[in-house]
Amino acid sequence: DGEVVRCIGCGAKVQTTDKTALGYTPESALKKGLENGEVYCQRCFRLRHYNEIAPVSLSDDDFLKLLTSISDTDSLIVYVVDIFDVNGSMIPGLHRFVGNNPILLAGNKLDVLPARLKKTKVKDWLRQQANAAGIRPVDVELISAKTNLDVDRLLDQIEKYRNGKDVYVVGVTNVGKSTLINSIVRQSTGIKELITTSRFPGTTLDRIDIPLKDGKLLVDTPGIIQPEQMAHHLVGKELNLVTPQKRIKPKEYQLNPAQTLFFGGVARFDYNSGEGKAGFTVYVENNLYIHRTKLENADEFYPKHVGNLLTPPSEENKADFPPLEAHEFKTTQKSDLVIEGLGWVTVPEGVSVSGWAPKGVSVLLRPAMI
Ligand code: GDP
């Protein structure tokens, strides 16, 4: 009715006739947008659903140039990691590239952490993991980009540490960086939902500049593919059965030595030896099927049942799923055997256990967090 509709992303006048011109929006999208009060032009809509911006590989030349161009800036780096996949979240060499710029570490997916787990312990652990990778964050924050938990706190910390400088948000794919950027854009009143895009100098990679109150920018960088992630071996629904969706409810198992637990077909846990029956607590996605069997049968059992009883992977995808590899540990204290991207098993002191995961996926032991 004569009223001009503007894209809340770029401010362009929305039109539905010329696909190549500024502000183009398909008729159906405009209708939907008007219904929920959020009209975007097609370009900004795609930006908001960043998946359309092709991620880059860690070895990519463009990626190295991107890091170099960040190192040339005077800025705050916000490094987003998945607290369930810290190794799979690592950007190798990041510490060399950030130069003297401070790094604020944001551990994402706090909403699925079991209720009994203390945040301070997780923070300490994250900091240690970062230190081991040569990174000394000025601070560690735990957030949930999905539920907005403590995102406002993170924004306060960003404000505190950026000292009037630009902010670069970096992270590998699947850690929830896009979800976080969207959450920041929604929450920040000063930002007024304005997003602009340009390129990283000398690369084909898009950067998204979100203006901050003082004229500085919050820059979203493209996701980088870290191939050593469980997530890269699974698709769609399969991935949802492995990635915790809701707060994890721990499951208790009393196991005898030489017993095995299969976690769907994606991982396996063996209680190799120890002084008799012992208690183990499993922290994985609540709906993932756990199958208990004898260790002596486990090697034979897996190929027979993977893709059906032991799923994910599904029957169609099992051929592409990498074989499971064993990582053996002996505990000298109560410990968590962590299978990255999946969860962990709390193991008592003085036992020998093995964690099996697809080749490349990290399996590690840490002092028990609970
Ligand atoms: P990106 O590749 O780093 O941009 O990651 P996305 O934002 O696309 O998120 C990857 C997956 O993790 C999606 O399935 C999200 O729904 C999920 N995710 C993102 N943030 C959170 C979070 O805070 N909690 C939980 N449980 N899942 C999240």
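This is a predicted model: local features need pLDDT of at least 70, side-chain atom pairs count only at pLDDT 80 or more; totals for chains, interfaces and linings use all residues.
Residues are numbered from 1 along each chain as its sequence is written.

View 1. The chain holds nine helices and 19 strands, where helices (H or I, at least four residues) and strands (E, at least two) are DSSP runs numbered from the N terminus. The radius of gyration of the chain is 23 Å, close to the 21 Å that the globule rule gives for 370 residues, so the chain is as compact as a globular protein of that length; the radius is taken over C-alpha atoms, and the globule rule is 2.2 Å times the number of residues to the power 0.38. Taken along the principal axes, the C-alpha atoms fill a box of roughly 75 × 45 × 40 Å. Of the 370 residues, 40% count as buried, a residue being buried if 20 or more other C-beta atoms lie within 10 Å of its own, exposed if 12 or fewer, and partly exposed in between, with C-beta atoms placed from the backbone. Residues 24 or more positions apart account for 70% of the contacts with a separation of 6 or more, two residues being in contact if their C-beta atoms, placed from the backbone, lie within 7 Å. The chain is divided into domain 1 (1-48), domain 2 (50-227) and domain 3 (233-367), with bounds that come from an automatic or database domain assignment. Between the C-alpha centres of domain 1 and domain 3 the separation is 47 Å.

**View 2. Helix H5 and its buried side.** Helix H5 (residues 119-132) has 14 residues and spans 20 Å from its first C-alpha to its last, close to the expected 20 Å; the expected span of a helix is 1.5 Å times one less than its number of residues. Leu 126, Gln 129 and Ala 130 are the buried residues of H5. These residues cover an arc of only 100° around the axis, which puts them on the same side of H5, the arc being that of the directions from the helix axis to the C-beta atoms. An α-helix has 3.6 residues a turn, so residues three or four places apart point the same way. The buried residues of H5 pack against strand E3 (103-108) and strand E4 (139-143), whereas Thr 120, Gln 128, Asn 131 and Ala 132 are exposed on the other side. After H5 comes Gly 134, with a positive phi near 85°.

**View 3. Helix H6 among its packing partners.** Twelve residues make up helix H6 (residues 151-162), which reaches 16 Å from its first C-alpha to its last, close to the 16 Å expected. Val 151, Leu 154, Gln 157, Ile 158 and Arg 162 are buried in H6. Seen down the axis, these buried residues fall within an arc of 120°, so they line one face of the helix. They pack against strand E2 (75-82), E3, E4, strand E5 (166-170) and helix H7 (177-187), while the face of H6 turned away from its buried side carries the exposed residues Arg 153, Asp 156 and Lys 160.

**View 4. Two asparagines with positive phi.** Most residues other than glycine have a negative phi, and most peptide bonds are trans. Asn 163, which follows H6 and lies in the loop between H6 and E5, has a positive phi of about 50° although it is not a glycine. Asn 163 is exposed, with 10 other C-beta atoms within 10 Å. In the loop between E5 and H7 lies Asn 174, whose phi is likewise positive, near 80°; Asn 174 is buried, with 22 other C-beta atoms within 10 Å.

View 5. Pro 312 is found in the loop between helix H9 (295-305) and strand E15 (324-330). The peptide bond from Thr 311 to Pro 312 is cis, with omega near -5°, and a cis peptide bond with omega of about 0° joins Pro 312 and Pro 313.

View 6. Strand E6 (residues 196-199) and strand E7 (residues 206-211) run antiparallel and are joined by four bridges, two strands being paired if DSSP finds at least two bridges between them. Thr 196 has Asp 209 as its bridge partner in E7. Six residues lie between the strands of this hairpin, and Gly 202 in the turn has a positive phi of about 70°.
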